[in-house]
Amino acid sequence: MVLHPLVFLLLGIGTFILIYAILALSLNLQQGYTGLPNFGLIGFYGIGAYATASMIVQGINPIIGIILGMIIATVFGIAITLPAIRIREIYFAIITIAAVEIIRIIIRNEKAIGGEYPQLGIFNIPLLFGLDYEMHKIVSFLLLMLVVICIYLILQFIIYSMPFGRVLKAIREDEDAVKALGKDPVRYKLIAFSIGAIIASFAGSMWILTQRAITPDGIMPLWTFMIWIMVLLGGMGNNKGVIMGAIVITGIQQIVHELKFYIPTELLDNNQIISLTWTSIGILIVVVLIFLPQGVIKEPKICGNDVEKTIKNVNRGIKGWIRLLLRG
Amino acid sequence: MDTLITKRLSKNFGGIKAVDEVSITVKKKTITALIGPNGSGKTTLFNLISGFYEPDNGKVLFLNKDITNLNSHQIANQGLVRTFQIVKIFRNLSVLENMLVAPKRDYGDSFIKTITNFKKSIKEEKEAYDYTNDLLNLLELSHLKDEYAGNLSGGQLKLLSLGLALMRDPEILLLDEPVAGVNPTLANKIFDILINCRDNFNKTFFIIEHNMDVVLDFSDLIYVMNRGKIIAEGPPKEIFSNRGVIDAYLGVD
Ligand SMILES: Nc1ncnc2c1ncn2[C@@H]1O[C@H](COP(=O)(O)OP(=O)(O)OP(=O)(O)O)[C@@H](O)[C@H]1O
Ligand SMILES: [Mg+2]
């Protein structure tokens, strides 16, 4: 099969967008809903990516790598958040940045994790299911689409249909009030952070399976900030919004990345084009935050109607369940 | 029976003895008031009882159990619920969602239990929803059900925070100036509700209140605090003829 080059290109951009969408959804659960400013998000992605890659390289089933990544991400997440979870948000943010830089530095230097040449990363991951290159691209895209949809639906379910999700938002709003109502914010935060860590780790695993290589530079703090921008742009606390943020920001980046093949170097060289991307993203986010401080799509307000629908639909069998899952 | 007892409870902030060896008893099925000039330590006492501050000294007994070293959420779970002088609610959630955060849930409070018993958790949700509607009616907030809590007026916020506390169906409710900013008609109505809860559901209330008319009309027993100490205790009539109390309010040493 020979794909049209444009289709090929779009599939490539699409997979990038979908990976970022997963990460944006993860951050939205932690920061958008629970108010846990995770500035180390990309590290959890790195854990998933490296765990999966090193299992594959050793000829072990990638599923083991995916699960291993999730377990390590959860344990690591709890280890850094438990001491930090009671303190002010700003310190929490700093601790997450620092902790994740440690991961990157270890990965960069440790052969056991970072591969034969840790500075260069791990590459030569085989194509999915032994497919040819083009089919791999198509299957990757579809697989990621499925993953994003599933994660989106799960998160929507937590927020719309589980009292748990409501308490997360309440913790973000006022922790003392939550305590006074007999709920332990620490427990809720740990669970929310862990779910986010698992999702981020899974994004890393999916990256390895679909893009087939990872370098230590792929887990620079810069990428965490990118995901923050997506969440801020799309709308903190709105899962649809943050997916849209991922589409816009990754779209801009990838399109500029392609444009550089068409712009003569005398006009703009490579570095100038990259700087231009960052500048335009910077301007975009500043403009959006001035005019739409809550992002393009606001967090949905849950009203009497929504609760009544939940209560009604739960007794309507499969149809009701589908309605429950697909709303929001 | 005594619902709440403190024994020589003390708290210092730097050099200030905010609460100084306070021993009080709140009897079951009473509305007990705590009054005193600004800065006399009333709110601090509430914070000590409800586990928001750790006392330097002394004990708190609730239903004969020592709760001095429990966390605030554990204390709330035992049935001792408090509200805050400066209202703490969830501003970016609807009034309805605010109310639905509050109740104690057998299934909904646990992530795993909600998933494994989803139908039961929704049954809890329905009960909570019905109860919310009743309470909002009672507090005259029904028309604001779908409004962001952050858009409520000061008085309405006080009512909402009272609503949140009532959602938990507590054994004892500690209210820190519950009707400050609420119009007098509604304020009276609220105290009627509290009296109803006391008489028909055996509930107990411990209330900080600056409005003397309200205190005089509705409380069974009054504690007066000044400079961290309890300076008087007794039924309303007695308290308001007490020389020391009048002096405390007029700032005489
Ligand atoms: N967290 C704190 N840190 C330091 N000092 C505090 C703290 N909380 C209260 N105080 C001090 O303790 C004293 C008692 O304050 P508290 O708030 O308990 O008074 P109050 O009786 O509730 O007054 P009001 O009627 O104005 O609400 C005050 O001098 C106050 O400044
Ligand atoms: Mg006070």
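Predicted model: local features only at pLDDT ≥ 70, side-chain atom pairs only at ≥ 80, totals over all residues.
Local features are described at pLDDT of at least 70 and side-chain atom pairs at pLDDT 80 or more, while totals for chains, interfaces and linings use all residues. Residues are numbered from 1 along each chain as its sequence is written, and chains are lettered from A and ligands numbered from 1 in the order in which they are written.

**View 1. Chain A is built from helices.** Chain A has 14 helices and zero strands; here helices (H or I, at least four residues) and strands (E, at least two) are DSSP runs, numbered from the N terminus. Its C-alpha trace spans about 60 × 45 × 40 Å along the principal axes. Among contacts in chain A between residues at least 6 apart in sequence, 73% join residues at least 24 apart; a contact means that two C-beta atoms, placed from the backbone, lie within 7 Å.

**View 2. Chain A meets chain B.** Here 27 residues of chain A are in contact with 36 residues of chain B. On the chain A side, α7 (163-173), α8 (175-180) and α13 (304-313) each give two or more residues. The most come from α7(A), with seven residues. This side divides into 14 nonpolar, three polar and ten charged residues; Ala, Val, Leu, Ile, Met, Phe, Trp, Tyr, Cys and Pro count as nonpolar, Asp, Glu, Lys and Arg as charged, and the others, Gly among them, as polar.

**View 3. Chain B shows an open sheet.** Six strands line up in the order β6-β7-β8-β3-β9-β10 (chain B), with mixed pairing; two strands pair if DSSP finds at least two bridges between them. β6 (80-82) and β10 (229-234) of chain B stand at the edges with a single partner strand each, so one side of each has no neighbour in the sheet. β6(B) pairs with β7 (residues 172-176) of chain B in the parallel sense, over three bridges. In this pair, B:Val81 stands opposite B:Leu173.
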